[in-house]
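Q: Please take a close look at the aromatic rings in this model. Show me which parts of the chain they join, and what is packed around them.

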Amino acid sequence: MELEQIWFTFLDELKRDELVDGCFRKNITGIPFLYVHVSAERVSEWEARGSSIIAACSKKAMFRKKVTVETHFVRVSQNQFVYRHRFFVPQEKMFCCGNLCADCIRLRKKA
């Protein structure tokens with residue numbers, strides 16, 4: 001599955017960041033959560049730049065793929081930050097099914 005490859009690339013990019021000591025994904029009831037461990041002395045730095053670092057790593061993982069990302073901060077406990085982080089495929093028609101639908105991709109104007 002391509003989403004697994006995107007997750008692998010994303011976590012690999014995130015682990016390379018100087019602020020991150022470690023990170024992993026955990027699925028709880030089908031919802032992916034991102035756990036990021038930061039050294040205790042750099043917590044304030046992560047609070048200031050963490051969301052932009054996650055966004056940059058997500059962008060690298062999604063390069064040339066029709067995938068979008070959604071990230072929401074959940075909680076922090078000492079030096080562990082938890083985010084609800086999800087990559088998903090947009091729900092739009094990508095091909096013509098031949099049923100003459102009103103939103104057929106063949107009828108779209110090309111930009």
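A: Trp 7, Phe 10 and Phe 87 form one aromatic cluster. Rings of Phe, Tyr and Trp (its six-membered ring) pair if their centres lie within 6.5 Å. Planes under 30 degrees apart are stacked, those over 60 are edge-to-face, and the rest are tilted.

This is a predicted model, so local features need pLDDT of at least 70 and side-chain atom pairs pLDDT 80 or more, while totals for chains, interfaces and linings use all residues. Residues are numbered from 1 along each chain as its sequence is written, and side-chain values use heavy atoms, without hydrogens and water.

The count is 6 aromatic pairs. One of them joins Trp 46 and Phe 81. This pair is tilted, with 6.2 Å centre to centre and 50° between the planes. Trp 46 lies in helix α2 (residues 43-61) and Phe 81 in strand β4 (residues 80-88), so the pair ties together parts 35 residues apart in sequence. Helices (H or I, at least four residues) and strands (E, at least two) are DSSP runs, numbered from the N terminus. Both Trp 46 and Phe 81 are buried. Buried means under 20% relative accessible area, exposed over 50%, and partly exposed in between (1.4 Å probe, protein chains only).

Phe 73 and Tyr 83 form an edge-to-face pair, at 5.6 Å centre to centre and 70° between the planes. Phe 73 is in strand β3 (residues 68-77) and Tyr 83 in strand β4, 10 residues apart. Phe 73 is partly exposed, at 49% relative accessible area. Tyr 83 is buried, at 7%.

The charged end of Arg 25 sits over the ring of Trp 7, 4.8 Å from its centre. Arg 86 lies over the face of Phe 88, 4.4 Å from the ring centre. The rule asks for NZ of Lys or CZ of Arg within 6 Å of the ring centre and within 35 degrees of the ring normal.

Now the core. A nonpolar core is a set of buried Ala, Val, Leu, Ile, Met, Phe, Trp, Tyr and Cys residues joined through side-chain atoms within 4.5 Å. The largest one has 22 residues. Phe 10 and Trp 46 are among those with the most contacts inside it. Elements giving two or more residues are α1 (2-15), β1 (20-28), β2 (31-38), α2 and β4. α2 gives the most, with 6.
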